[in-house]
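Here is a short report on one protein chain. Look at the structure first, then read on.

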Amino acid sequence: MREKKPIYVIGHRNPDTDSICAAISYANLKKSLGEEVVAARAGKVNKETQFALNYFGTDSPQLLVDVYPRVSDIMEQCHTMLGEHDNLRKLGKVMRETGLKSIPVVRNERDLAGIVTVSDLAKRYFDDLGMQSFSNTKITVRDILSVIDGDVIVDGDEDKLVNGDVRIAAGSLRMIESIIQKNDVVLVGDRVSPTLRACLEREIACLIVTGNGHIPTEIIEEAQNHKTMILVTPYDTYTGARLINQCVPVSRIMQKDVASFKPTDMLSDIKGIMEKKKFRSYPVVENSKVVGMISSDKLMVPERTRLILVDHNERTQAVEGIEEARILEIIDHHRLGGLQTGEPIFTRQDRVGCTNTIVADLYFQHNVAIPPKIAGLMLSAIISDTVLFKSPTCTSHDREIADSLARIAGVEINTYGMELLKAGSDVGNMSAMEIVKNDMKEFQIGDRKVIVSQTSVMDSSDVLKRKDELLENMREVCSREKYDMCLVMITDILEEATSLLFVGEPKTLIGEAFKKTAADNILYLPGVMSRKKQIIPQLTEAAKKYTAN
């Protein structure tokens with residue numbers, strides 16, 4: 001059986017400290033309440049967040065590049081396989097016992113060689129209603145012996161290849177002499193010595209006596225002289241003949257040109273192949289080894305990835321493939337951004353400075369003790385999102401929760417807070433593109449796609465010396481990713497001000513939003529530290545006026 005996928009708690013793309021820490025802290029709460037959840041992230045961990053993770057000895061959440069349905073989502077574990085040298089009798093037995101209609105054929109344990117289906121077996125049966133010919137089949141006497149449940153009466157080379165046909169010795173001696181040829185496999189139910197002797201004289205590969213019949217001593221001696229093996233089977237002649245037909249290896253009937261998939265293949269990419277091939281089942285291969293099977297029936301209703309979103313609620317900020325996922329909950333402190341769900345969900349949103357403030361409230365609400373490490377991460381997120389309580393988004397409740405978390409974590413807020421912010425403000429080794437994309441979020445402002453990133457520093461002068469380089473990279477992002485505008489906030493923590501770089505059109509939107517001349521590509525905005533409260537609302541209102549005009 002396929003293991004049920006976990007529920008992922010995940011923040012927005014280009015995650016900040018609040019996004020990562022909210023995923024970890026809320027996942028820990030859900031686990032404490034008995035739910036199977038996994039903390040995840042939709043992008044790279046930044047320096048500030050990594051500092052917090054290292055400080056409190058916590059691993060980074062699992063990376064989810066996207067949540068598009070993949071082969072692994074509908075794959076069943078493959079516990080039944082056949083070797084390419086296994087015979088048709090074993091194939092039939094396995095199909096009867098398991099009810100499987102398709103079975104992968106492997107070599108070297110799990111390397112895919114082909115696939116055999118019940119249709120292949122049926123076709124073989126109808127094609128071989130006559131007696132079997134072993135020409136070019138590489139069938140040995142040992143192979144025949146294995147399917148007829150026989151015993152050896154006269155020994156010989158069991159690994160000798162059989163190149164003749166399967167014959168039944170019936171009728172007159174003249175008929176037997178005219179039909180049976182050298183190297184044939186002969187079944188005989190008549191144990192009269194002349195009949196048996198006539199068969200041996202034809203230099204056959206082996207003689208099979210059906211019905212566990214008695215074989216005269218003189219015939220045994222003559223077979224030894226001819227170096228011809230004699231086998232005896234408990235089955236009647238007809239059954240024995242049909243069983244011999246089943247000693248052929250499955251490699252003779254399997255389909256070698258097999259469509260196979262990898263666990264990571266997206267279902268949207270393989271759908272066309274399935275519709276063209278029209279097979280019932282397909283093998284799943286990883287590192288050349290068969291790891292599972294998928295049914296075309298399952299492609300119609302794949303299990304959707306279940307998500308709990310934290311620190312965002314807009315589709316443009318969510319992990320790739322969000323439209324294919326099933327959203328269960330949203331925990332956030334931003335504006336409502338238009339995500340739609342197919343069913344009612346639990347949401348918790350509040351006008352606070354940080355998502356982790358809400359998560360801490362939920363711990364207290366459910367009377368779940370907060371581990372010191374988790375308290376430290378939630379405190380880090382509050383410090384980061386409120387810029388050590390200097391941001392206009394900060395509320396008295398954020399400060400109260402931060403004080404409580406600091407006591408649990410055993411840290412002094414201001415000392416630790418400055419260390420955290422310094423770690424995040426070190427942009428000396430960051431490329432211009434990394435600064436442009438740092439903590440980037442996408443917004444729909446009116447009918448325009450706008451991206452706004454933010455980098456907080458202790459001294460903005462060094463970063464602003466790279467203004468031309470930053471603007472060049474911003475234009476590249478707009479052109480390559482089809483955005484109307486790109487804004488980069490360089491927020492000076494000590495000055496409590498933001499230098500806003502912008503490219504794209506219309507520039508008048510920026511001028512209208514901040515009541516400043518937008519002739520250049522940079523504005524100095526004293527007192528502005530919050531994208532959520534001091535940038536996006538202003539742009540949204542300006543877009544309304546711009547559209548009205």
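Set aside the neighbours within four places in sequence, and Leu145 is in contact with Gly150, Asp151, Val152, Glu158 and Leu231. Contact means heavy atoms within 4.5 Å. Leu145 sits in helix H6, residues 141-147. Leu145 counts as buried because its relative accessibility is 14%. Buried means under 20% relative accessible area, exposed over 50%, and partly exposed in between (1.4 Å probe, protein chains only).

Thr233 is 88 residues from Leu145 in sequence. In space, their C-alpha atoms are 8.7 Å apart.

## About the model

This is a predicted model: local features need pLDDT of at least 70, side-chain atom pairs count only at pLDDT 80 or more, and totals for chains, interfaces and linings use all residues. Residues are numbered from 1 along each chain as its sequence is written, and side-chain values use heavy atoms, with hydrogens and water left out.

## The whole chain

The chain has 21 helices and 22 strands. Both are DSSP runs, numbered from the N terminus: helices (H or I) have at least four residues, strands (E) at least two.

What box do the C-alpha atoms fill? Along the principal axes, the box is roughly 115 × 50 × 45 Å.

## Burial and contacts

Of the 549 residues of the chain, 53% count as buried. Now take contacts between residues at least 6 apart in sequence. Of these, 62% join residues at least 24 apart.
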